[in-house]
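Student: I am new to this entry and would like to know what stands behind the words used to describe it. Please show it to me, and then I will ask.

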Amino acid sequence: MAQALLEMRHITKEFPGVRALSNVDFTLHAGEIHSLMGENGAGKSTLVKVLTGVYPRDGGTVFLNGKAINPKTPKDAQDCGISTVYQEVNLCSNLTVAENIFIGREPRKFGMIDWKTINQRAAELLAKLDVHIDVTKTLDNYSVALQQMIAIARAVDVDAKILILDEPTSSLNEEETAHLFKIMRQLQKQGLGIIFISHFLDQIYEICDHITVLRNGELVGAYETAKLPRLELIAKMVGKDLNEVKDMDNFAEKSVPSDEVFLDAKGIGAVGKLNEVDVQIHKGEVIGFAGLLGSGRTETAELLFGINESNKGSLSINGKKLHLKKIGFCPEDRKLSGIIGDLSVRENIILAMQAKDGILRHIPYEEQVKIADDCIKLLRIKVSSREQLVKNLSGGNQQKVIIARWLATQPDLLILDEPTRGIDVGTKTEIQKMAISLAKKKGMAVVFISSEMDEMVRTCTKLVVMRDRRKVAELTGSDISSDGVMKAIAGGAA
Ligand SMILES: Nc1ncnc2c1ncn2[C@@H]1O[C@H](COP(=O)(O)OP(=O)(O)OP(=O)(O)O)[C@@H](O)[C@H]1O
Ligand SMILES: [Mg+2]
């Protein structure tokens, strides 16, 4: 057997109150695409950060091509040939594409930065990845997907042997993901070892040769993807046996909406953003907005919430004009519009309630504790304590805190925009069940927006299909199916 490119042995990492990794082994070969899988908080990102010198490890050894290495900073790791692209692209948006690729290692001529060479080399490098853009424009001109490609170009140009991608696809559409996969395969052929982290099982099975599973900071095992059926993978991730996992998918019956109309939007729209849309939401209904990225799903949700003044149309709730405080909106982008890293889990959860009640009404500490603890239990948020700072939670658990925040306000209408993005498979099902049960038991009206058709189909009682910023179909009952939605998106249905 060929010598491994990377061997991590007995890796241990502790944070105050948490053992994030205990005695973990991980092996990566050249020319391999290897996934790290596990529930939110299992330790995937921590393993990567220990490898790349972001955190010092508390124990264990790391070998690169058989030689022990000990990178203390990401720069050290990069000098060893280990490059990382994180989900939140860490480039500078006000520098040009070329500057971003060469920052810190600019080629010079007679002591001066050689811009001509920089621009030319950047363009060549991107062309190899099949990206053809103007490299002299600033980064903020380009989509997140392109920015990620640029980060990859930078990462592989520094003579990388190992490329690490930690949830790179969570904000990419299908086409962009396909492009990324093409690049990954190309780099794989060149002999790079690639570590790929994602919660999308389809993607794992499409692109990865090997899977290493972590649970609660411990190694469960390493497997060949082809020999590990999906249900077994899930069972290993959640630590249950196969039959229990099969039960997880045994789905809760959908809610039955009442006849009572809760929200009635007529002809709402905003010039250039959304063409007039009619939407009625009944009490106890889980309504979904389906459609491709950019089809107007989020815009519609925002108009319902009133973030963007509806330029057109009317919005009434219980027959009366919109009353904002009754709606909870859980936004799509957790980094931009939600989490406050330096506040505790409890404080983050209480935030929306506090805003709703007015800052003058103090919520007694005991009440805050009870609400926070209930949410932590319900959503299985992995924390060492409710007073832990949110920035120290794993990515998926931060997402859960935002959902908790809106749940705590007990709204009449809850808008969940991509609530399961970055959430592990087990909890995904829990969140879908939660949406159904809120509608059933509390008669709440729930808006559920997701790019994953399966979860919309199994959760929603009504699907509004959007295309090109207008509503093209409304499906209910047994008409709700992936097929039906796809047809409507493609223009096959009225
Ligand atoms: N800087 C930190 N301080 C304290 N605890 C931390 C810190 N970083 C991570 N942890 C804890 O370590 C554990 C593992 O977190 P990690 O981010 O590695 O999870 P993950 O597997 O990447 O999860 P996700 O799928 O949600 O991204 C979690 O319990 C987390 O709260
Ligand atoms: Mg992570």
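Tutor: What follows takes the terms in turn and sets each value against its definition.

Tutor: This is a predicted model, in which local features need pLDDT of at least 70 and side-chain atom pairs count only at pLDDT 80 or more, while totals for chains, interfaces and linings use all residues. Residues are numbered from 1 along each chain as its sequence is written, and chains are lettered from A and ligands numbered from 1 in the order in which they are written.

Student: What makes Glu167 buried or exposed?

Tutor: A residue is buried if 20 or more other C-beta atoms, placed from the backbone, lie within 10 Å of its own, exposed if 12 or fewer, and partly exposed in between. Glu167 has 21 C-beta neighbours inside 10 Å, so it counts as buried. Glu167 sits in the loop between β9 (162-166) and α6 (174-189); helices (H or I, at least four residues) and strands (E, at least two) are DSSP runs, numbered from the N terminus.

Student: How is Asn216 classed, and why?

Tutor: Asn216 has 17 C-beta neighbours inside 10 Å, so it is partly exposed. Its place is the loop between β11 (210-215) and β12 (218-224).

Student: Why is the phi of His10 worth a remark?

Tutor: Most residues other than glycine have a negative phi. His10 is not a glycine, yet its phi is positive, about 50°. His10 belongs to strand β1 (residues 6-15), and with 14 other C-beta atoms within 10 Å, His10 is partly exposed. Glu167, also a residue other than glycine, has a positive phi near 50°.

Student: How do you know which residues of α17 line one face?

Tutor: In helix α17 (residues 482-490) the buried residues are Val485, Ala488 and Ile489. Seen down the axis of α17, they fall within an arc of 100°, so they line one face of the helix; the arc is that of the directions from the helix axis to the C-beta atoms. The face turned away from the buried side carries the exposed residues Asp483 and Ala490.

Student: What covers the buried residues of α17?

Tutor: The cover includes β15 (286-290), α16 (453-459), β21 (462-467) and β22 (470-476).

Student: What makes β21 and β22 a pair?

Tutor: Two strands pair if DSSP finds at least two bridges between them. β21 and β22 have 6 bridges, in the antiparallel sense. Leu463 has Leu475 in β22 as its bridge partner. The two strands form a hairpin with 2 residues between them, and Asp468 in the turn has a positive phi of about 45°.

Student: Where do the domains come from, and how many residues touch?

Tutor: Domain bounds come from an automatic or database domain assignment, which here gives domain 1 (6-247) and domain 2 (261-490). Two residues are in contact if their C-beta atoms, placed from the backbone, lie within 7 Å. On that basis, 16 residues of domain 1 are in contact with 18 residues of domain 2.

Student: Which residues come nearest to ligand 1?

Tutor: Phe15, Ser45, Thr46, Ser394 and Gly396 come nearest, out of 19 residues around ligand 1. A residue is near a molecule or strand if its C-beta atom, placed from the backbone, lies within 6 Å of it. The shell around ligand 1 draws at least three residues from each of domain 1 and domain 2.
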